[in-house]
Amino acid sequence: MTAPVFDPAFVAAFDTLLHWRRDVRHFSTQPLPDGVMRTLLDTAALAPSVGNAQPWRFVRIRSQALRDRLAEHVDRVSDEAAAAMPDADRRAHYRTLKLHGIAEAPELLAVFCEEAPDAGHTLGRATMPEMLRYSTVMAIHTLWLAARARGIGLGWVSILDPAVVTELLDVPPGWTLIALLCLGYPAAPSAIPELEQRGWQAREPVEDRIVER
């Protein structure tokens, strides 16, 4: 088998994809075409994983009642997070932000990590069991890029109580919630992260995050 050659045009397009990946909160209600979610999940499963354990577990949330309960939960936790901010200006700013698209996103996906999968036979995680969770995050990032390449937005909802979401979704014991994801077509394209546009936090120089020894 001959390995593919990724020419400069492909590399440039890939860099553009990375620059245009966004955490989307504003969605069109247009549904995704049939089969697209399965394609995205198949692509996500190409992600690297420790010992090839493939610990990711995907839960597609199709129930409107569950979606409503999740939205209510996230809104309540968000209100609590705002109330806990000591700075009044920052608290007021926080309350102006749209932090999730659970109500309108066509697809809602919870991603869990199986903490003791048979696959992989424990290779690579004897001293770092958290590698299973890191592997699951890699699958999420792979899904994120695959979605963006198809013009589909993804928003990662993290203002929640994992125990509550896990109970609501009634998953097997030993599954740890990693992400609640909203997927759908963005209401509008954006090359700049929304939190930067809204004055919450801009990107900082990567040089400040590189250390040599």
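**Helix packing and loop residues in the predicted model**

Phe14, Leu17, Leu18 and Trp20 of helix α1 meet Leu145, Arg148 and Ala149 of helix α5. These contacts belong to a model that is predicted. The axes of α1, which spans residues 8–20, and of α5 come within 10 Å of each other and cross at roughly 105°. An angle between 65 and 115 degrees counts as roughly perpendicular, and α1 is therefore described as roughly perpendicular to α5.

Helix α5, formed by residues 131–149, also packs against helix α2, formed by residues 36–44. Here the two axes come within 8 Å and cross at roughly 135°. This angle makes α2 oblique to α5. The crossing of α2 past α5 is right-handed. On the α2 side, the residues involved are Leu40, Thr43 and Ala44, and they meet Ala139, Thr142, Leu143, Ala146 and Ala147 of α5.

The loop between α2 and β1 (56–60) contains Ser49. With a relative accessibility of 16%, Ser49 counts as buried, because the cut-off for a buried residue is a relative accessible area under 20%. A polar atom of the Ser49 side chain lies 3.2 Å from the backbone nitrogen of Ala53. When neighbours within four places in sequence are left aside, Ser49 is in contact with Gln54, Pro55, Trp56 and Ser135.

Gln54, one of these contacts of Ser49, lies in the loop between α2 and β1 as well. Its relative accessibility of 36% places Gln54 in the partly exposed class. The backbone of Gln54 has a positive phi of about 45°, although the residue is not a glycine. A positive phi in a residue other than glycine also occurs at Thr122, where the value is near 70°. Thr122 is located in the loop between β2 and α5.

Attention now turns to helix α6. This helix comprises residues 162–169, and its buried residues are Val165, Leu168 and Leu169. They cover an arc of only 90° around the axis, so they lie on the same side of α6. In general, an α-helix has 3.6 residues a turn, so residues three or four places apart point the same way. On the other side of α6, Ala163 and Glu167 are exposed. The elements that cover the buried residues of α6 include α3 (64–83), β2 (107–114) and β4 (175–184).

Both ends of α6 show local features. At the start of the helix, a side-chain oxygen of Asp161 reaches to within 2.9 Å of the backbone nitrogen of Ala163. After the helix comes Asp170, whose phi is positive, near 55°.

The axes of α3 and α6 come within 11 Å and cross at roughly 170°. The result is that α3 is roughly antiparallel to α6, since angles over 145 degrees are counted in that class. The α3 residues taking part are Leu66, Arg69, Leu70 and His73, which meet Val164, Val165, Leu168 and Leu169 of α6. Two of the residues named on the α6 side, Val165 and Leu168, are among the buried residues of the helix.

Within this arrangement, Leu168 lies in α6 and is buried, with a relative accessible area of 17%. Leaving aside neighbours within four places in sequence, Leu168 is in contact with Leu66, Arg69 and Leu70, residues that belong to α3. Leu168 and Ala3 are 165 residues apart in sequence, and their C-alpha atoms are 45 Å apart in space.

A further pair concerns Ala188, which is placed in the loop between β4 and α7 (194–197). At a relative accessibility of 51%, Ala188 counts as exposed, because the exposed class begins over 50%. Ala188 and Ser28 are 160 residues apart along the chain, and a distance of 8.4 Å separates their C-alpha atoms.

Notes
Residues numbered from 1 in each chain as written. Predicted model: local features only at pLDDT ≥ 70, side-chain atom pairs only at ≥ 80, totals over all residues. Heavy atoms only, no water. Buried < 20%, exposed > 50% of the residue type's maximum accessible area, 1.4 Å probe, protein only. Helix = DSSP H or I, 4+ residues; strand = E, 2+ residues; numbered from the N terminus. Arc of directions from axis to C-beta. Contact = heavy atoms within 4.5 Å. Polar contact = N/O pair within 3.5 Å; in protein donor to acceptor, adjacent residues only side chain to side chain. Axes fitted to C-alpha atoms, helices over the stretch in contact; angles between N-to-C directions. Parallel < 35°, antiparallel > 145°, perpendicular 65-115°, else oblique. Left-handed = near helix turned anticlockwise from the far one by under 90°.
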